[in-house]
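Welcome, and thanks for taking a look at this one with me.

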Amino acid sequence: MESSAAAAEEERGFAASLTARYSEWVVEELDELRGSFLLTDPAMPGHPIVYASRGLASLTGYPRRDVLGRNARLFQGAATDRAAVAGVREAVRGQRAHQVAILNYRRDGSPHWVLLHIAPVFHAADGRVLHFLAVQVPIAAATARRAACLGPAVFAACREEARVEEELPCATHWGEVFVDIDKRGLEAEEPRVASGCDKEKALSTASSIFSALNRYSKLTGLVVCGKRCDSVGIPALSSSLNLSLGRIKQSFVLTDRHLPDMPIVYASDAFISLTGYSREEILGCNCRFLSGPDTSVDVLEEISRHICCEEACTVRLLNYRKDGSTFRDLLQVSPIRNASGKVAFHVWVSP
């Protein structure tokens, strides 16, 4: 009785990794999704699995209770390619998405080839990695594959959402995921290559999962997404700076002139409400993304001149919301200098 009670308590602890960030109903939503996938928590000791789908149980033979709390390396065996494992490990440490064909093992010890698609789940506001998603798509033998595979164009959006290139310092337990230690001695099959259909299926599954996590994370106020603001080379702001900026109630954005195309690196809640864009849609964009057919080119050039001269300016500018409606801005653009007097950012305020 005590052991079963302890196991139940431990399972609730893993569930809390999800419910605290996405609401109490997220597990039910994930259970309804098709596909074989799991979620891991890099902040917990051992980087354990905190969610396993029903499809994963069908594919691997492992019931959920035997997977939760364990490291994802449990699916590896003696014939699992070490180079493939190393590639996954580096992607986890680099906080980026990765796809690889890999030989895994079922609970009964039988080997099977899967396309493994991993992707970090980011906090949309500060770029922290909250979870890692791992999708497994079985790879059929070449002779069993069908010649044709339909792939809707919507998958292109998923490709963008899953692509994360920048590397940041890693949490203590991140490198522990997919580290190979199992020595089950089974002969390997001939290596299999994932088809385009397999890759599209992995991306489609990942897209559905990200949509569910994003939708339920909004209920807790901790919005997540599949790409970080530094996915195009934008370093995440420090937590202390994020906290300070979060106290400001005005509509404003912060841009970094030292990065290519002077991207937005912070957007206030009021700015999001004003424009109708989500934070993940804003971060990484140049401020001209609000421009439209009737936006004055002369005013935009005036702003550029003041930025080049490191001077503040106030202009009236016609901008466009996400829904296409216009609004006239009394826009104030000012440089923000660091302790040495050099311009670190520019703040764009819409009173």
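1. The largest pocket has a lining of 21 residues, and those nearest its centre are Asn286, Cys287, Arg288, Ile303 and Trp348. Two or more lining residues come from each of β7 (251–255), α11 (297–308), β9 (313–320), β10 (326–337) and β11 (343–350). Helices (H or I, at least four residues) and strands (E, at least two) are DSSP runs, numbered from the N terminus. A pocket is an open set of points on a 1 Å grid over the protein atoms alone, where a 1.4 Å probe fits, with protein on both sides within 12 Å along at least five of seven lines; lining residues have an atom within 4 Å of a point.

2. Before going on, please note that this is a predicted model: local features need pLDDT of at least 70 and side-chain atom pairs pLDDT 80 or more, while totals for chains, interfaces and linings use all residues. Residues are numbered from 1 along each chain as its sequence is written, and side-chain values use heavy atoms, with hydrogens and water left out.

3. Back to the pocket: the space in the largest pocket is about 370 Å³, a volume being the space filled by probe spheres set on the points. Which element gives the most to its lining? That is α11, with five residues. By type, the lining has 12 nonpolar, six polar and three charged residues; Ala, Val, Leu, Ile, Met, Phe, Trp, Tyr, Cys and Pro count as nonpolar, Asp, Glu, Lys and Arg as charged, and the others, Gly among them, as polar.

4. Four aromatic pairs turn up in the whole structure. Rings of Phe, Tyr and Trp (its six-membered ring) pair if their centres lie within 6.5 Å; planes under 30 degrees apart are stacked, over 60 edge-to-face and the rest tilted. One of the pairs joins tyrosine 62 and phenylalanine 75, edge-to-face at 5.6 Å centre to centre with 85° between the planes. Because tyrosine 62 sits in the loop between α3 (54–60) and α4 (64–67), and phenylalanine 75 in the loop between α4 and α5 (82–93), the pair ties together parts 13 residues apart in sequence. Tyrosine 62 is buried, at 8% relative accessible area, and phenylalanine 75 is buried at 2%. Buried means under 20% relative accessible area, exposed over 50%, partly exposed in between (1.4 Å probe, protein chains only).

5. Another pair is stacked: the rings of phenylalanine 252 and tyrosine 266 have centres 5.7 Å apart and planes at 25°. Phenylalanine 252 belongs to strand β7 and tyrosine 266 to strand β8 (residues 264–267), so this pair links parts 14 residues apart in sequence.

6. The largest nonpolar core has 58 residues, and Tyr22, Leu30, Leu39, Ile49, Leu133 and Leu213 have the most contacts inside it. Its largest share, eight residues, comes from strand β4 (residues 111–123). Apart from this core lies another, of 21 residues, including Val253 and Cys287. A nonpolar core is a set of buried Ala, Val, Leu, Ile, Met, Phe, Trp, Tyr and Cys residues joined through side-chain atoms within 4.5 Å.

7. Serine 23, between α1 (2–22) and α2 (26–31), is buried at 6% relative accessible area. Alanine 43, between β1 (36–40) and β2 (49–52), is exposed at 57%.
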